[in-house]
Amino acid sequence: MKIGSHVSMSGGLIGAAKEAYSYGANTFMIYTGAPQNTIRKPISDLKIDEGLIFMKEHDISDIVVHAPYIINLASFKPQIFDLAVTFLAKEIERAKAVKSNYLVLHPGSYTEMDSAYGISRIVEGLNEVLTRDLGIYICLETMSGKGSEIGRTFEELANIIEKVKYNENIGICFDTCHTHDSGYDIINDFDGVINNFDKIIGVDRIKTFHINGSLNPRGSSKDRHANIGAGVNNPKGKDYLGKDAILRITHHSVVGEKTLILETPWIDDKTNLYKQEIEVIRNGI
């Protein structure tokens with residue numbers, strides 16, 4: 001099982017790899033800089049060679065890069081759209097520099113327009129960036145349906161994919177919290193959800209999973225992650241998805257050797273549960 005978590009890049013790739021190893025992970029996910037802004041260290045300062053050596057020595061591989069939240073390809077505002085296209089192109093190069101095959105991307109929010117406009121704008125942006133020999137998958141993330149975001153249904157994601165010219169470069173990041181919050185019953189009928197996904201998009205498009213509990217009931221459209229199987233006494237709140245559902249998903253045949261990435265909350269400034277949650281999922285406890 002390839003399983004890890006979001007880790008910090010503040011110490012470069014070597015720091016990220018060491019943090020992941022401390023959790024017992026054999027993969028991990030990073031942002032190449034702060035997800036809320038465009039400030040980025042030069043690629044030469046990311047300690048990539050040291051990180052790759054450490055990863056090889058400790059059997060860590062198939063890492064995932066997450067694009068920053070400020071990229072909104074669905075925007076009708078020229079300055080926001082142009083920034084999204086330009087910055088996405090830069091993030092692709094940074095992801096390739098750290099030898100990642102997957103760049104996870106929130107499709108975008110249409111704000112004052114409508115979903116049809118948002119989808120057309122996302123397609124336009126991706127067609128500006130993608131080339132036949134891109135060398136990396138842009139993994140559109142399944143979204144919770146919060147506000148005006150695109151990607152709350154499999155149909156919306158399929159609509160984007162079928163209109164992108166070089167769509168062989170498009171994958172999917174299947175987020176358990178988001179998919180649950182958008183209304184899909186992955187607790188009681190994950191097989192049915194996956195069969196539906198396969199008919200609409202194709203399971204071969206799934207390249208990575210975000211494994212998160214949810215602080216809200218199914219269909220809430222909230223996007224609030226919970227610790228795996230957390231009870232009502234957890235400071236962050238109860239997990240409505242539940243550990244049993246997460247274990248059924250993570251040990252499902254559709255996962256295979258795809259990467260599983262935890263984005264569950266830290267309990268406070270000094271405590272996270274990644275090591276414990278990785279052990280629980282890996283061993284099916």
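Which residues do ring pairs link into a cluster? I found Phe154, Phe174, Tyr184, Phe190, Phe197 and Phe209. For pairing I took rings of Phe, Tyr and Trp (its six-membered ring) with centres within 6.5 Å, calling planes under 30 degrees apart stacked, over 60 edge-to-face and the rest tilted.

A note on the source: this is a predicted model, where local features need pLDDT of at least 70, side-chain atom pairs count only at pLDDT 80 or more, and totals for chains, interfaces and linings use all residues. Residues are numbered from 1 along each chain as its sequence is written, and side-chain values use heavy atoms, leaving out hydrogens and water.

I counted 10 aromatic pairs in the structure. Tyr31 and Tyr69 are edge-to-face, because their ring centres lie 5.7 Å apart with planes at 70°. Tyr31 is buried at 8% relative accessible area, while Tyr69 is partly exposed at 44%; buried means under 20%, exposed over 50% and partly exposed in between (1.4 Å probe, protein chains only).

Next I checked Phe154 and Tyr184: their centres are 4.1 Å apart and their planes at 10°, so this pair is stacked. Both Phe154 and Tyr184 are buried.

Then I looked for charges over rings (NZ of Lys or CZ of Arg within 6 Å of the ring centre and within 35 degrees of the ring normal). Arg121 has its charged end over the ring of Phe81, 3.8 Å from the centre. Lys207 lies over the face of Tyr137, at 4.4 Å from the ring centre.
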